[in-house]
Amino acid sequence: MSAVDTAVAPAAVRTVPAAGTDALRARLTRRLQHGGWFVAPFLTLFALFVLFPIGRGLWLSFTDANISGTGERFVGLDNYREALDSPLLWDSLGHSAYFTLLVVPCIVVLAFLLAMLAHHIERAKWLWRLCFFAPFLLPSTVAGNLWQWLFNPGTGMINHVFGLDTPWLTQKSTALLAVVITTLWWTVGFSFLLFLAALQNIPRHLYEAAELDGAGAWQRMVHITLPMLRNITGLVITLQILASLQVFDQAVVMQDFGPGPEESTRTFVQYTLEEGFTAYRVGYASAISIIFFVLIAAVALGRMWLLRKREEGVR
Amino acid sequence: MSTAAVPRKSKWTPSQIVLTALGVAVSAVWMTPLLWALFTSLKSETEAVEVPTHWVPQEWTGQAWKALFESGNITNWFVNSVIVSVCVTFIVVLVSALAGYGFARTEFRGKNALLGLVMAGLMVSPAVLGVPLFTTVQSMGMVDTYWGMILPQCAPAAMVYILYKFFQSIPHELEEAAYIDGAGRWRVFFTIVLPLSRPSLSAVGIFTFIASWNNFLWPYMVTNNPDLMTMPNGIATVMNSYGIQWAQLMAGGLMAGLPLIVVFVFFQRQIVSGVAHTGLAGQ
């Protein structure tokens with residue numbers, strides 16, 4: 001994705017020995033053709049399990065198909081019309097969006113702070129990495145169960161430690177918040193690792209030069225660390241937005257596969273699966289999947305568009 | 001935070017003491033939930049749900065762990081998890097290394113269009129298109145089979161993209177010298193390119209393994225048979241279904257998480273350097 005990679009590669013080609021270049025180049029070109037065999041295995045899987053389902057989903061979304069997949073009838077845009085009119089769609093989309101809005105900024109800031117801490121402590125580096133990354137190594141269902149247990153009002157540790165009496169998982173105002181807290185603890189490790197690797201990639205001499213020029217710790221952070229981390233921060237934000245919009249596992253596990261108090265934790269993915277696998281309305285579920293796909297694609301394309309604009313701005 | 005220019009094995013400067021103390025405090029908070037799971041798993045079921053709750057078991061017992069192995073299908077689930085994750089990792093590493101190289105270094109008709117398609121695939125996950133993916137897999141007759149669990153996880157556009165970026169950064173001269181000596185495309189790939197890519201390949205492999213081991217949504221959709229379930233699935237759907245026994249649930253959860261934590265302890269250096277190498281962090 002970096003402009004640097006693509007700019008460097010052609011330059012490297014040009015440094016090939018000059019003698020007999022034309023004949024050599026022709027021979028190499030011949031050797032490099034028919035590379036299709038390299039990509040064929042992946043493309044087969046990709047066509048079967050990505051492209052075909054997209055096409056099939058698109059087709060099914062215009063039908064009234066049920067789970068048995070027989071005797072479906074073409075119904076035109078009916079599914080889309082019904083979906084966009086359904087309060088359940090907007091509610092579940094709202095929950096996913098609210099979740100995303102809370103999780104993304106917190107994760108970015110938290111991951112950055114933890115990475116700075118782990119990067120700057122000189123001793124036992126492996127220990128800090130292990131501590132902050134370990135929760136990410138738990139399956140989502142285990143993290144969900146664990147925090148369901150921690151948030152349990154009578155026997156859970158959260159209320160006990162903070163001297164509260166909050167029924168976290170059974171009241172509307174805190175149920176989704178509990179999922180957010182669980183997610184922060186569980187997933188921050190991944191972004192933490194990305195930041196940590198990026199911090200290690202910053203050339204040391206930049207700091208040494210700045211120090212010679214009399215820059216203090218704060219100035220070094222503002223003028224070197226933060227600018228050097230700009231790209232990774234953009235990546236972390238995009239990945240987190242895409243992952244958070246798709247939240248499902250923790251939310252259903254913490255609510256024992258239900259929609260939560262007053263249906264307050266039903267996320268978009270959960271809504272899709274309920275329509276598809278519980279109500280057996282595969283056509284309708286496909287229509288909401290396609291709506292969701294368009295939404296996700298818009299976020300991803302928006303990020304690419306921003307990147308391109310920035311690269312043009314740099315030139 | 002004035003440590004950037006300090007040599008590696010430093011003295012206990014005041015700032016290091018403060019930072020280390022902070023690190024200890026934050027890690028303690030971070031590890032507390034896991035520690036609590038461990039303590040709960042060593043209580044008896046009745047003690048686990050006692051109010052008011054307490055940290056350390058008054059009576060230490062391995063009863064929950066014993067019950068886990070005696071009653072549950074936990075060993076079964078564990079074996080299933082191993083089979084599925086190992087197969088997925090093997091196929092993904094092989095297939096995406098080939099494809100990444102094909103896109104980065106060879107020519108064929110329609111390459112750019114196909115590359116564009118793969119990039120579009122970055123936006124699709126079972127969460128986004130789960131229902132159509134399920135009906136597809138269903139029509140192939142792969143519901144409730146290992147293949148049905150494994151193959152749909154084996155087309156990760158992201159891994160192809162990461163390796164594609166990496167292969168682009170390898171100097172052309174290395175390959176060209178081999179071509180001039182008469183080596184074929186495949187030989188160059190296996191004897192020159194792959195050995196050079198070990199850090200990137202292991203990062204891709206480790207992340208694929210983690211994702212597959214912890215994948216809940218897809219196996220949840222594609223299997224109903226408790227004999228075929230993986231660890232995260234079995235624990236979430238079967239153990240919860242007959243009334244939650246917290247001590248046993250915590251023991252099961254720790255069992256499910258343990259293998260990856262062990263893997264991480266041994267491979268963390270490779271993981272961090274792999275992340276740096278694949279260019280993920282340097283974007």
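Helices (H or I, at least four residues) and strands (E, at least two) are DSSP runs, numbered from the N terminus. With that in mind, select chain A, whose secondary structure comes to 15 helices and zero strands. The model is predicted, so that local features need pLDDT of at least 70 and side-chain atom pairs count only at pLDDT 80 or more, while totals for chains, interfaces and linings use all residues. Residues are numbered from 1 along each chain as its sequence is written, chains are lettered from A and ligands numbered from 1 in the order in which they are written, and side-chain values use heavy atoms, with hydrogens and water left out.

Stay with chain A and colour by accessibility: of its 315 residues, 51% count as buried, where buried means under 20% relative accessible area, exposed over 50% and partly exposed in between (1.4 Å probe, protein chains only).

Next, select helix H8 of chain A, residues 157-162, where A:Phe162 is found. Is A:Phe162 buried or exposed? A:Phe162 is exposed, because its relative accessible area is 58%.
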